[in-house]
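The entries follow the order in which I looked them up.

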Amino acid sequence: MKHGRTFNFSAGPAMMPEPVLEEIAQEVLNYRESGMSVMEMSHRSKVFTAIYEEAVADLRKLMNIPDNYKVLFVQGGGTVQFAMVPMNLMKNGVACYVDTGSWSGKAIKEAKKYGEVKVVASSEDKNYSYVPDCSDLDIPDNADYVYICENETINGTTFNKLPNTKGHILVSDQSSMFLSKPCNVEDYGLIWAGVQKNVGPAGMAVVIIREDLITDDVPDFTPTYLKYKTHADKDSMYNTPNCWDIYCCGKVFKYLLSLGGLEAVQKLNEEKAAVLYDFLDSSEYFKGSVVKEDRSLMNVPFVSPSADEDAAVVAATKEAGFDNLKGHRSVGGLRASIYNAMPKEGVEALVKFLKDYEASK
């Protein structure tokens, strides 16, 4: 790593690609001879309109987003989306949720404020260490949508096969695996992702929503800002958006295109994750927390023989210059988040450290 930067294994806010940060640094005082920073310019200006339009176009290209889907940039991150989804999509007042861990659990709790929530599958019985079978879910006819957290950041599981929704709309929280591999957008009615894990700075979510789901048919109590239609009608410019975030995300979209798109990104991520998982599978001291077939390429939780040892390992990794390897407080252990921007050398350095640590025991 250059510039005295550390290998930051944080689950978010997370690492951004160094070439992107260097480009941003060059433009931070004076964006392309505009005489001002993106942080200072009007969201209505021609300069920022061009930044916004380019970001949307590049994301559409990256994900091959069909014309009948809107791309929205909504402030507030994922927690706001937990409420926006049921407020906007619960027309019959019934929704189905798959419970795979911490973040789907938070979404379920929030959705219950707006209607009936049916938990149609859960992996709670084994501490969320796997993804339940979703091939034949009991979905009532009047269900408005089926909701999944496609990659559980804390628990380290991912859906390798999407649920059979039996014709119902699929809604996915893709926050911690967004843009990590190709995605067939037409499989979903709505995709949303908090950007601070794999794309940009915290403070915003990207929402990709099918146009027929954007309506004024929402409860009277729904705040204007929390209607998807408000954002869709004004091209995410209803009020001053998070201009800096949009600008940074746009840079990342362009960077991922330069790598060869999401097929190339997936290959890099698979190679990188294999380095860590192969070590965990061969180790006598460290063990992965998730069943092999449901392992995330982005978030890798693992444990040592005891909670005390976990704490000692975390302290040692920090001493060695690695950062944010402590597992989430709700599950303990250790966790390495290895998003797109984490270089393979970072994972190799971590594995070397863990091997040496184990050898010293």
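Entry 1. I looked up Tyr128 and found it buried, at a relative accessible area of 16%; buried means under 20% relative accessible area, exposed over 50%, and partly exposed in between, with a 1.4 Å probe and protein chains only. Tyr128 has a positive phi of about 55° although it is not a glycine. I placed Tyr128 in the loop between β4 (116–122) and β5 (145–149); strands (E, at least two residues) and helices (H or I, at least four) are DSSP runs, numbered from the N terminus.

I note that this is a predicted model, in which local features need pLDDT of at least 70 and side-chain atom pairs count only at pLDDT 80 or more, while totals for chains, interfaces and linings use all residues. Residues are numbered from 1 along each chain as its sequence is written, and side-chain values use heavy atoms, with hydrogens and water left out.

Entry 2. I then turned to Lys166, a residue other than glycine whose phi is positive, near 55°. Lys166 sits in the loop between β7 (157–158) and β8 (169–173). At 38% relative accessibility, I recorded Lys166 as partly exposed.

Entry 3. I checked for a cis peptide bond and noted the one that joins Gly12 and Pro13, with omega about -5°. Pro13 belongs to the loop between β1 (7–8) and α1.

Entry 4. I located Ser304 in the loop between β12 (299–303) and α8 (307–319). Ser304 is buried, with a relative accessible area of 8%. Its side chain makes a polar contact of 2.6 Å with that of Asp310; such a contact is a pair of N or O atoms within 3.5 Å, and within protein one must be able to donate a hydrogen and the other to accept it, while residues adjacent in sequence count only if both atoms are side-chain atoms. Leaving aside neighbours within four places in sequence, I listed Tyr285, Phe286, Glu309, Asp310, Val313 and Leu334 in contact with Ser304, contact meaning heavy atoms within 4.5 Å.

Entry 5. Finally, I examined helix α1 (residues 18–27) against helix α6 (residues 243–258): they pack at an angle of about 135°, with axes 10 Å apart. Axes are lines fitted to C-alpha atoms, for helices over the stretch in contact, and angles run from 0 to 180 degrees between N-to-C directions. The contact involves Pro19, Val20, Glu23, Ile24 and Glu27 of α1, together with Trp244, Tyr247, Cys248, Lys251, Val252 and Tyr255 of α6.
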